[in-house]
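Thanks for making the time this morning. I would like to walk through how the inside of this protein is put together, and I will give the cut-offs as we go.

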Amino acid sequence: MDAPIMAELFSRGESPEILFWVGCSGSYDQRAQKITRAFASILTHIGIRWAILGKEESCTGDPARRAGNEFIFQMMAYQNIRVMNNYKISKIVTACPHCFNIIKNEYPELGGHYEVTHHSVFLQQLLDEGKIRLKEGGSFKGRKIAYHDSCYLGRGNGIYEAPRKVLEALDAELVEMKRCKSKGLCCGAGGAQMFKEEEKGTTRINFERTREALDTGAGLIASACPFCNTMLTDGVKHAEKEGQVSVMDIAELIALELDSTPKA
């Protein structure tokens, strides 16, 4: 995929409207790369000027800080801030709640002051403004979709309605799990738990959360976080429901339903 690189735009004296912060998961994980491509295709479709840092983008340092390694976090953060401030970046959009949370709330104390938006909020804004038009009678019309609240997006930043409004734009039947919104259950990946073995217990958190999603009877589980996507996909496989239930990011759903017909 031919993505605009910030360094190349800068060398031509150009600047993007937004910097798309891809994140480690969206860059390297094969499943999350599909989310990255889907969101990038939406940005291109609507004609917005965007760019990525490419090889100049480093991990935000979120897993390091959550795991207790403050030194590594600050090294990574300062490097990213230096790069972005050099390019005079002001607006950032990311599809990862972990990246969103740390750049928005924890980078300012280190000198990184940006307007940071999660892609769920960005997509809702584009839909509300009519910049994204969806096909009539799309493939998700009437389908049961269960939405899983990411901890860093929901309880961490109070973003509950934006992703739900994006799903409602698909004319889907949005069904809620018993534990949702401010009482939602973590997928099991947050706080750097993604990268360590679980403590002893009776079940894995992602298995428990996936069971709650399956109990809704939904044929599709929607998320707005690549970490959640991985954990819920593993849960669906563990329940041997891959043939009946799929896990997708909201950007993937919107990308599939974009109306490409010219405006009248």
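By a nonpolar core I mean a set of buried Ala, Val, Leu, Ile, Met, Phe, Trp, Tyr and Cys residues joined through side-chain atoms within 4.5 Å, where buried is under 20% relative accessible area, exposed is over 50% and partly exposed lies in between, with a 1.4 Å probe and protein chains only. Please keep in mind that this is a predicted model, in which local features need pLDDT of at least 70, side-chain atom pairs count only at pLDDT 80 or more, and totals for chains, interfaces and linings use all residues. Residues are numbered from 1 along each chain as its sequence is written, and side-chain values use heavy atoms, with hydrogens and water left out.

The largest nonpolar core has 68 residues, and those with the most contacts inside it include Trp50, Ile132 and Ile254. A second, separate core has seven residues, among them Ala213 and Leu232.

Taking Ile132, and leaving aside its neighbours within four places in sequence, we find it in contact (heavy atoms within 4.5 Å) with Ile42, Ile46, Leu123, Leu126, Leu127, Ile254 and Leu258.

Turning to the rings, there are four aromatic pairs; rings of Phe, Tyr and Trp (its six-membered ring) pair if their centres lie within 6.5 Å, and planes under 30 degrees apart count as stacked, over 60 as edge-to-face and the rest as tilted. Phe39 and Phe122 form an edge-to-face pair, at 6.2 Å centre to centre with 70° between the planes, and both residues are buried. Ring pairs also link Phe20, Phe39, Trp50 and Phe122 into a cluster.
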